[in-house]
Every structure is written in structure tokens, then in C-alpha cells.
Amino acid sequence: MKALKERILRDGKCFEGGILKVDNFINHQMDPILMKSMAVEFVRRFASTDINKIITVEASGIAPAIMVGYLLELPVVFAKKKTPSTMEHMLATKVFSFTKQRSYDVCVSSDYLCKGDKVLFIDDFLANGNAAKGILELVDQAGAELVGMGFLIEKAFQHGGDELRHMGIHVESLAIIESLDNCEIKIKDDGYDR
């Protein structure tokens, strides 16, 4: 997606250890026009997929997931990182955060992630695939079906996308970062920018 790639190159910042900071337009301050454009692209890429629910993990995945849910007129469920005392029928798993370098519990109520649901996972980043694997675990616990995963940015050098695709999951990433070596952002040309 050309607009996202240009924005990453213009406003993204690279930090040692493979960190790409895009907090001025994706996950702290958000550009709603760009967010809508990215959601439109996800809708296009998953157009032939039977979906009845969008799922994400709080917090940075919520904005793109809401936009996709809005366009598809579908409910959006987000897995919480803190267990609410009011949650009933909880499904839970552990996820390791690459950015924060720690594990945390994610949970969702089986009242909202249900048996037979056909869910599309939307998130901001795909690195090692830990959040995605956590969602897979929750979907499995619920007896639902994961029909695809969409990511705004994939860091190909961390191979989470390779693992998910090898598992047979339909993965779509709007911008694929090939390398952040020497803090230089190199983006893959995936042919979608025609």
C-alpha cells in the first residue's frame, strides 16, 4: 500500500534491536484518513472471505480493527491484556511482547468469541507472530474459525509471517519491512502499488 509505505519512510523511526516506531500516525497519534485507507485495502484483500467478526488485541490493533469492522458492518472483539473482574466465561492465554520484552495474559469472553464464528484478526504489527499465535489459541478454545489475518506492518526479518503462512493461514500485510539494519528502513515491493 503506497500511502502507508511512503508514510513509514517519511515519519517512521528506527531503533536498535529491530524496533520501528510509527507512533505519530498509527499507534499513539493516529491518522484517521490513512487508517480508513488501510481498512479499505483489507476489505479488498479479504473480499472473498466469509467473515462474521473482527478480532484484535488491545491496544494498538483496536483502531484498524474498528475501521475494518465499520466498513464490513461487523462486530469487533478485542482481547484484553488485563483480566477484568467482571468478565464471565473467560478464555485466556499468554503472549510474549517483542516490543515490551515480557509476557502477558490475554483474555476474551466466550460470550463474544463463540463457537462457529468466522473471525478475521487485524493488528498493527507482525514481528515474531506471538500475538497472532495467542489469538489462534483463543479462537481454538472458543471453537471458532480463523479465516485470515491482516497486519498494517510486517517485519519479514523476524519470520512470524513465514510461520503463519506455513500453517496455511491467509496473511495479508500492507507494508512488509525487509530490514532495519543500521537503522535504515527497507520496505519490500510486494506488487500491490500498481
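Helices here are DSSP runs of H or I with at least four residues, strands are E runs of at least two, and both are numbered from the N terminus. This is a predicted model, so local features need pLDDT of at least 70 and side-chain atom pairs 80 or more, while totals for chains, interfaces and linings use all residues. Residues count from 1 along each chain as its sequence is written, and side-chain values use heavy atoms, leaving out hydrogens and water.

**View A. Helix 3 and what covers it.** Within helix 3 (residues 62-72), Ala63, Pro64, Ala65, Val68 and Gly69 are the buried ones (buried: under 20% relative accessible area, 1.4 Å probe, protein chains only). Their cover includes helix 2 (32-45), strand 3 (53-57), strand 4 (76-79), strand 7 (118-126) and strand 8 (145-155), with contact meaning heavy atoms within 4.5 Å.

View B. Rings of Phe, Tyr and Trp (its six-membered ring) pair if their centres lie within 6.5 Å; planes under 30 degrees apart are stacked, over 60 edge-to-face, the rest tilted. That rule gives 1 aromatic pair. The ring centres of Phe121 and Phe151 are 5.8 Å apart with planes at 75°, so this one is edge-to-face.

Technical notes
Buried < 20%, exposed > 50% of the residue type's maximum accessible area, 1.4 Å probe, protein only.
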